[in-house]
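Here is a short note for a colleague meeting this structure for the opening time. Please read the points with the model on screen.

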Amino acid sequence: MAKVISTLFISADGVAEIDPDWHFPYFDENMGRAVTEDYGTADVLLIGRETYDSFAGAWPEREAAGGDDAGFAKQLGDVRKIVVSRQPLELSWRNSELIKGDLVEAVTALKADAGVKGVLIPGSISVVQQLLAAGLIDELRLLVHPVAARKGRRLFDDGDAPYHLKVLATEAFPTGVIRVIYTPAEAPAKVGYDDVKDQVPEGS
């Protein structure tokens, strides 16, 4: 079964709506390596309309320009891209298709498709939120920047129940960025103060 992986740049206070002013100062070769590893997990990109508009408005031109980032731009152009949009959308970028029907049903089918190696969701906060709620995200790969953005859309929206996560890997970069890879986990057993009071530091 194909894994569904979310990859996000995120601030220390949980903002996943990127502001270039706090993102790019921390982008270095370590973050570039992490991004390369994330994109290497998948042969399908699942992206929301805003992310598609941003990518399609920049990467084809970068590929054509033949600069330092042309190789990655070509990789993005070549990969299959499935776009989530409630509105009609003209898909000008090659290998792009509009999702058919319900998002949860479509992603469930992708996960079960033997011809799909993996599905990567870059950015696309609302898509990630819907799939988290549906239990369809296999990994959250977060690049946590050492900044409190204080404004912008957060990854975790308000809800009735917490999301419990298990840490699969962590890595600290010299810039202060922390890479954390989570997978959803079962809620721990219920514990109250009486269960942990023997762990409280003793007074001096």
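Which backbone oxygen does the side chain of Ser-96 reach? Point 2 gives the reply.

1. Basis. This is a predicted model, in which local features need pLDDT of at least 70, side-chain atom pairs count only at pLDDT 80 or more, and totals for chains, interfaces and linings use all residues. Residues are numbered from 1 along each chain as its sequence is written, and side-chain values use heavy atoms, with hydrogens and water left out.

2. Ser-96. The side chain of Ser-96 reaches the backbone oxygen of Trp-93, at 2.9 Å. A polar contact is a pair of N or O atoms within 3.5 Å; within protein, one must be able to donate a hydrogen and the other to accept it, and residues adjacent in sequence count only if both atoms are side-chain atoms. Ser-96 sits in strand 4, residues 96-98. Its relative accessible area is 18%, so Ser-96 is buried (under 20%; exposed is over 50%, partly exposed in between, with a 1.4 Å probe and protein chains only). Beyond its neighbours within four places in sequence, Ser-96 is in contact with Tyr-52, Lys-81 and Leu-91 (heavy atoms within 4.5 Å).

3. Leu-142. This residue belongs to strand 6, residues 139-145. Leu-142 counts as buried because its relative accessibility is 6%. Leaving out residues up to four places away in sequence, Leu-142 touches Leu-8, Ile-10, Leu-155, Ile-178, Arg-179, Val-180 and Tyr-182. Val-177 is 35 residues from Leu-142 in sequence, and their C-alpha atoms are 9.8 Å apart.

4. Whole chain. The protein chain has eight helices and eight strands. Both are DSSP runs numbered from the N terminus: helices are H or I with at least four residues, strands E with at least two. The C-alpha atoms fill a box of roughly 70 × 40 × 30 Å along the principal axes. Of the 204 residues, 39% count as buried. Take the contacts between residues at least 6 apart in sequence: 71% join residues at least 24 apart.

5. Charge. There are 21 positive and 32 negative side chains, with the centres of the two sets 2 Å apart. Lys and Arg count as positive, Asp and Glu as negative; His and the chain ends are not counted. Each charge is placed at NZ of Lys, CZ of Arg, CG of Asp or CD of Glu.

6. Record. An unreviewed UniProt entry places "domain: Bacterial bifunctional deaminase-reductase C-terminal" at residues 3-178. Such annotations may be inferred rather than shown by experiment. Over residues 3-178 the model is 33% helix and 24% strand, and the end C-alpha atoms are 23 Å apart.
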